[in-house]
Amino acid sequence: LGEVLEIGGGTGGNLEYYSKQARVTVLEPNPHMSRRLAKNAIRTCRPINIVSGIGEMLPFPDETFDTVVSTLVLCMVKDVDAVVSETYRTLKPGGIFYFYEHVKSINPSGRIWQNMLNPVWKFMTTGCNLNRDIALNVKLSEFRKVEIREFSLTVGLPVTIPNIVGKAVR
């Protein structure tokens, strides 16, 4: 409820999950994605405010939002700590940052593979990094309470992808 910011809304995959009472602003740096996002907002009958910008410099005043959402975005930003800090800045006191990300493996052999594949993966995905410790970035931030659940996904191969889902309270 209230004022919601989604950082990197992409094509709008999260739109259907927001409460109808929420006022949703989506920050999207890619103009091509913004057009798709706008079409999907119309398709889902979800009025949103699309703002062009980057997570490292959120174009909003301090304490604007009740909730900030990030889904598979922190792997692609240039500076994770800056995005997390900007998220904190723009949340109202008691506001919640919800995030879902793939992360660096806790398994040493998994980390080796991630580090080896990362340059090619980053190029092929226009910026996604396989080997970021995003949980640590959030835990070391200003947020007063951080809850993180770790799990692995499989993509049909004998390889699993470590993921986290969590929330951080300002």
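Biologist: Which side chain meets that of Glu86 in a salt bridge?

Modeller: A salt bridge here is a side-chain nitrogen of Lys or Arg within 4 Å of a carboxyl oxygen of Asp or Glu. Glu86 pairs in this way with Arg89, at 2.9 Å from N to O. Before going on, note that this is a predicted model, in which local features need pLDDT of at least 70 and side-chain atom pairs count only at pLDDT 80 or more, while totals for chains, interfaces and linings use all residues. Residues are numbered from 1 along each chain as its sequence is written, and side-chain values use heavy atoms, with hydrogens and water left out.

Biologist: How far apart are Arg89 and Glu86 in helix H2?

Modeller: Helices are DSSP runs of H or I with at least four residues, strands are runs of E with at least two, and both are numbered from the N terminus. Arg89 and Glu86 are three residues apart in helix H2, so about one helical turn separates them.

Biologist: Is Glu86 buried or exposed?

Modeller: Buried means under 20% relative accessible area, exposed means over 50%, and partly exposed lies in between, with a 1.4 Å probe and protein chains only. Glu86 has a relative accessible area of 14%, so it counts as buried.

Biologist: Which other residue is linked with Glu86 and Arg89 in a network of salt bridges?

Modeller: Asp62 is linked with them. Asp62 bridges to Arg89, with the closest N and O atoms 2.8 Å apart. This pair joins distant parts of the chain, as Asp62 sits in the loop between strand S3 (48-51) and S4, Arg89 sits in helix H2 (residues 80-90), and the two are 27 residues apart.

Biologist: Which residue forms a salt bridge with Lys92?

Modeller: Asp66 does, with the closest N and O atoms at 3.4 Å. Here too the pair links distant parts of the chain: Lys92 belongs to strand S5 and Asp66 to strand S4, 26 residues apart. Lys92 is partly exposed because its relative accessibility is 28%, and Asp66 is partly exposed because its value is 27%. The count for the model comes to six salt bridges.

Biologist: How many disulfides are there?

Modeller: A disulfide is a pair of cysteine sulfur atoms within 2.5 Å. By this rule the count is zero. Cys75 is in no disulfide, and the nearest cysteine sulfur, that of Cys128, lies 3.6 Å away. Cys75 is buried because its relative accessible area is 2%.

Biologist: How many residues line the second largest pocket?

Modeller: On a 1 Å grid over the protein atoms alone, a pocket is an open set of points with protein on both sides within 12 Å along at least five of seven lines, where a cavity is a set in which a 1.4 Å probe fits but cannot get out; lining residues have an atom within 4 Å of a point. The second largest pocket is lined by 15 residues, with Asn14, Tyr17, Tyr18, Val69 and Tyr98 nearest its centre. Strand S4 (65-71) and strand S5 (91-102) each supply at least two lining residues, and S4 gives the largest share, four residues. The pocket holds about 270 Å³ of space, a volume being the space filled by probe spheres set on grid points joined across faces, edges and corners.

Biologist: Which residues make the nonpolar surface patch?

Modeller: Patches are made of residues with over 30% relative accessible area and no salt bridge, joining like charges within 9 Å and nonpolar side chains (Val, Leu, Ile, Met, Phe, Trp, Tyr) within 5 Å. Accessible areas come from the Shrake-Rupley method with a 1.4 Å probe, and for residues only the protein chains shown count as cover. Ile112, Trp113, Met116 and Leu117 make a patch of about 450 Å². Trp113 is found in helix H3 (residues 108-124) and is exposed because its relative accessibility is 52%.
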